[in-house]
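Here are my notes on the model. Please read them with the structure open, and check each point as you go.

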Amino acid sequence: MLAVVGDLPRQVREGYAAGLAAPGLPSVEGVRSIALLGMGGSAFPADLVQAQLEDRLGIPLVVSRGYRLPEFVHTDSLVLALSYSGNTEETVTQYRDAVARGSRVVALCSGGELAARADEDGVARVAVPATFPVPRSAGGYLTAAALGVLEATGLGPAVGADVDESARVLAAAAARWGPEATPNPARDLAKRIGARTPLIWGSEGPTEAVALRWRTEVHENAKRPAFAAAFPELDHNEIEGWGEGSGTGYFLVILRAAADHPSVARRVAATLSAVEAAGLEHEEVWGTGKSPLAQALSLVLLGDYVSAYLAEASGVDPLPTERIDAMKAILRKGA
Ligand code: PA5
């Protein structure tokens, strides 16, 4: 898992190139909305793309998890169906509805039912390499591929320079946080968290999706509970739960990025002061690089490493996801 995590710079470059060069993309003439479909490790790329593009697109872009394709998705919608395996029931269900409604659809997957259906339906497909050991490890590839597809259609902005910068920033970060690095701030953060339950706070926009990624990586790699929330929403509810002494057993990581809304800085300070009596130990970590993409992806990389080091510290193999696989097998049998 540590080797795959460190491979993120290459994934980002290759995913972007594959998305940009995807053959047979649909015309986007008259398209008035974009829907990105996905679940779990393949929904995170959709969240990240949404956060990157929401203030750069002239039309709405939604992320749709689950079985239900939003009613407004129709012939004037571009739909990107993301599934590493191509066999995710919820995503395939929405994909089928999108095709039936005449939406302009693109599938991004390594194979499975989604690939077979796309080929049969004459739907454009980005062939994600089937070489990733687990779906969540293809997150960088899928993110960059979706950005490339959107750029190629003309609906998304040109992000080549941001992708280049991200790959450089990620390579430098992987050298600082990878298993061979000493000192190693990522391993140190995992040690500091120790046996405590991680809470991850991001902010609306750039780091909200990243906080969710940290949470799911702790679940899937370290096999532990974790919680994520985002400013400013958490100031309207969550902080009320952090009463005196309640922080014992938790460790708070606050994700910060230069692209955060200017009000976030004063909110972080005010919030920490409001929950001080909880005794919640915390560490603030910043994304690196200039572009919002590099900042977000560098925080993703840090979270991926920290979760893998949490697994390492407790002697857990981060790769297998026995409960997810067992649950999917039960569903398949019942189908
Ligand atoms: O991390 C995982 O293995 C899961 O969250 C999967 O990504 C999720 O079940 C969806 O599968 P896929 O990414 O193959 O569509």
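This is a predicted model: local features need pLDDT of at least 70, side-chain atom pairs count only at pLDDT 80 or more; totals for chains, interfaces and linings use all residues.

**Notes on the ligand site, the spaces and the backbone**

1. Residues are numbered from 1 along each chain as its sequence is written, and side-chain values use heavy atoms, with hydrogens and water left out.

2. Look at the polar contacts (pairs of N or O atoms within 3.5 Å). A polar side-chain atom of Thr88 is 2.5 Å from a ligand oxygen. Gly41 brings a backbone N or O atom to 2.9 Å from a ligand oxygen. For Tyr84, a polar backbone atom is 3.4 Å from an oxygen of the ligand. The ligand alone exposes 370 Å², and the protein buries 93% of that. These areas come from the Shrake-Rupley method with a 1.4 Å probe.

3. Which space does the ligand take? It takes the space of the largest pocket. A molecule sits in a pocket if more than half of its atoms lie within 2 Å of the pocket's grid points. On a 1 Å grid over the protein atoms alone, a pocket is an open set of points with protein on both sides within 12 Å along at least five of seven lines; a cavity is a set where a 1.4 Å probe fits but cannot get out; lining residues have an atom within 4 Å of a point.

4. The largest pocket holds about 700 Å³ of space. It has 23 lining residues, and Ser85, Thr88, Ile324, Met327 and Lys328 are the closest to its centre. Helix H4 (89-100) and helix H12 (322-334) each supply at least two lining residues. H12 gives the most, with 6 residues. The lining divides into 9 nonpolar, 7 polar and 7 charged residues.

5. The second largest pocket has a volume of about 230 Å³. Of its 14 lining residues, Gly40, Gly41, Arg215, Thr216 and Glu220 are the closest to its centre. H9 gives the most to this lining, with 8 residues. By class, the lining has 4 nonpolar, 4 polar and 6 charged residues.

6. The largest cavity has a volume of about 100 Å³. It is lined by 13 residues, with Val5, Arg136, Ser137, Arg213 and Asp304 nearest its centre.

7. Last, the backbone. Most residues other than glycine have a negative phi, and most peptide bonds are trans. The bond from Thr182 to Pro183 is cis, with omega near -5°. Another cis peptide bond joins Phe231 and Pro232, with omega about 0°. Lys223 is not a glycine, yet its phi is positive, about 55°. Lys223 sits in the loop between H9 and S7. Helices (H or I, at least four residues) and strands (E, at least two) are DSSP runs, numbered from the N terminus.

Conventions:
A polar contact is a pair of N or O atoms within 3.5 Å; within protein, one must be able to donate a hydrogen and the other to accept it, and residues adjacent in sequence count only if both atoms are side-chain atoms. Grid points are joined across faces, edges and corners, and a volume is the space filled by probe spheres set on the points. Ala, Val, Leu, Ile, Met, Phe, Trp, Tyr, Cys and Pro count as nonpolar, Asp, Glu, Lys and Arg as charged, and the others, Gly among them, as polar.
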